[in-house]
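Morning, everyone. Let me put the chain on the screen, and then I will walk through a few residues and helix pairs.

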Amino acid sequence: MEIGLNQSSTDGFILLGIFSHSQTDLVLFSAVMVVFTVALCGNVLLIFLIYADPRLHTPMYFFLSQLSLMDLVLVCTNVPKMAANFLSGRKSISFVCCGIQIGLFVCLVGSEGLLLGLMAYDRYVAISHPLHYPNLMSQGVCLQIVGSSWAFGIIDGLIQMVVVMTFPYCGLREVDHFFCEMLSLLKLACMDMSIFENVIFACCVFMLLLPFSIIVASYARILGAVLHMRSAQARKKALATCSSHLTAVSLFYGAAMFIYLRPRRYRAPSHDKVVSVFYTVLTPMLNPLIYSLRNREVMGALMKGLDRRRIVNQH
């Protein structure tokens with residue numbers, strides 16, 4: 001098969017990006033970098049608090065630390081390269097770096113989606129079976145849940161990275177996105193990709209709807225258990241605990257479903273790029289804020305750490 005414009009299948013790509021150098025886009029770029037910095041600091045701080053404070057050594061916070069780790073790697077996968085290209089005026093990305101971006105992105109999105117689903121099951125067990133919770137969510141079970149989430153994402157990311165990067169690419173090789181997003185890259189392949197795109201669509205349906213169905217089923221059972229609670233205070237505490245998780249789930253799945261479960265004829269690169277910023281940058285920033293500001297234990301650990309630092313500085 002011939003490759004157009006005398007380019008080999010292992011040449012780099014051009015990332016068209018999302019920002020121009022207009023005054024408005026400079027402000028938007030600055031806003032994205034602020035969000036990126038907050039996401040970076042917020043997730044690092046949350047991970048540190050969870051591992052440093054013994055009161056947070058529970059299954060829920062262990063899962064939350066892994067969610068923060070996934071968000072931390074996700075936000076570092078695409079934004080630094082986008083920022084470097086924007087500031088330098090260069091839009092190129094090597095073939096290898098493009099493949100790494102695809103693999104990491106698919107891995108992290110898949111892992112985070114499954115982990116959010118299993119975190120819903122954890123909340124169901126905690127609220128519906130509180131007496132059996134220590135046995136049902138033992139350390140071994142927690143490690144299996146986290147391990148299966150990472151394994152699922154890593155295997156999926158590796159498969160899609162290898163498959164996508166074996167296709168021949170030609171023409172101008174301009175990716176209409178700010179990172180090597182799989183669907184945008186497939187448009188540049190020098191062959192009919194309709195069958196593979198249908199396979200990808202089926203995989204996305206499975207990857208998104210399987211964890212989402214676990215979440216729906218878990219929260220249906222949780223709602224039933226909460227409604228049967230006699231104590232108004234217990235109901236309030238249960239709903240407060242679950243509302244943080246539901247907010248994070250809504251942000252993640254809303255954006256992911258908008259991009260990957262829409263029919264092809266309704267897809268527009270401009271829409272996809274904006275929504276991608278939402279769940280690759282904004283959601284990783286919001287998750288630690290949602291879980292910390294609405295959680296007394298995390299805020300208590302933060303205050304304890306600040307008090308300890310203040311005492312050390314005074315001496």
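**Asn85 and its surroundings**

Start with Asn85. Leaving out residues up to four places away in sequence, Asn85 touches Leu15, Arg90, Lys91 and Ser92. Contact here means heavy atoms within 4.5 Å. Before I go on, this is a predicted model, where local features need pLDDT of at least 70, side-chain atom pairs count only at pLDDT 80 or more, and totals for chains, interfaces and linings use all residues. Residues are numbered from 1 along each chain as its sequence is written, and side-chain values use heavy atoms, with hydrogens and water left out.

Where does Asn85 lie? In helix H2. Helices (H or I, at least four residues) and strands (E, at least two) are DSSP runs, numbered from the N terminus. Is Asn85 buried or exposed? Asn85 is buried, at a relative accessible area of 10%. The cut-offs: buried is under 20% relative accessible area, exposed is over 50%, and partly exposed is in between, with a 1.4 Å probe and protein chains only.

Now Arg90, one of the residues that Asn85 touches. Arg90 sits in the loop between H2 and strand E2 (92–93). Its relative accessibility is 58%, so Arg90 counts as exposed. Arg90 and Arg55 are 35 residues apart in sequence, and their C-alpha atoms are 48 Å apart in space.

Next, the helix pairs. Two packed helices are described by the angle between their axes and the distance between the axes.

Take H2 (residues 59–88) with H5 (residues 139–165). They pack at about 20°, with axes 10 Å apart. That makes H2 roughly parallel to H5. Axes are lines fitted to C-alpha atoms, for helices over the stretch in contact, and angles run from 0 to 180 degrees between N-to-C directions. Under 35 degrees counts as roughly parallel, over 145 as roughly antiparallel, 65 to 115 as roughly perpendicular, and the rest as oblique.

The H2 and H5 crossing is right-handed. On handedness: left-handed means the near helix is turned anticlockwise from the far one by less than a right angle, and right-handed means clockwise. Which residues meet? From H2, Pro59, Phe62, Phe63, Gln66, Leu69 and Met70; from H5, Cys142, Leu143, Ile145, Val146, Ser149 and Trp150. By class, that contact of H2 with H5 has ten nonpolar, two polar and no charged residues. Ala, Val, Leu, Ile, Met, Phe, Trp, Tyr, Cys and Pro count as nonpolar, Asp, Glu, Lys and Arg as charged, and the others, Gly among them, as polar.

Now H2 with H3 (residues 95–128). Their axes come within 10 Å and cross at roughly 160°. H2 and H3 are therefore roughly antiparallel. H2 passes H3 in a left-handed crossing. That contact has 14 nonpolar, five polar and five charged residues.

**Two more residues, and confidence**

Leu40 is in helix H1 (residues 23–52). Leu40 is partly exposed, at 27% relative accessibility. Beyond neighbours within four places in sequence, Leu40 contacts Leu72, Val75 and Cys76.

Arg173 is in the loop between H5 and strand E3 (174–175). Arg173 is buried, at 1% relative accessible area. Phi of Arg173 is near 55°, a positive value in a residue other than glycine.

Last, confidence. The chain's mean pLDDT (the predictor's confidence in each residue, from 0 to 100) is 83, and 92% of its residues reach 70 or more. Over residues 1–7, pLDDT is below 50, and this stretch has 14 contacts in the model beyond near neighbours in sequence.
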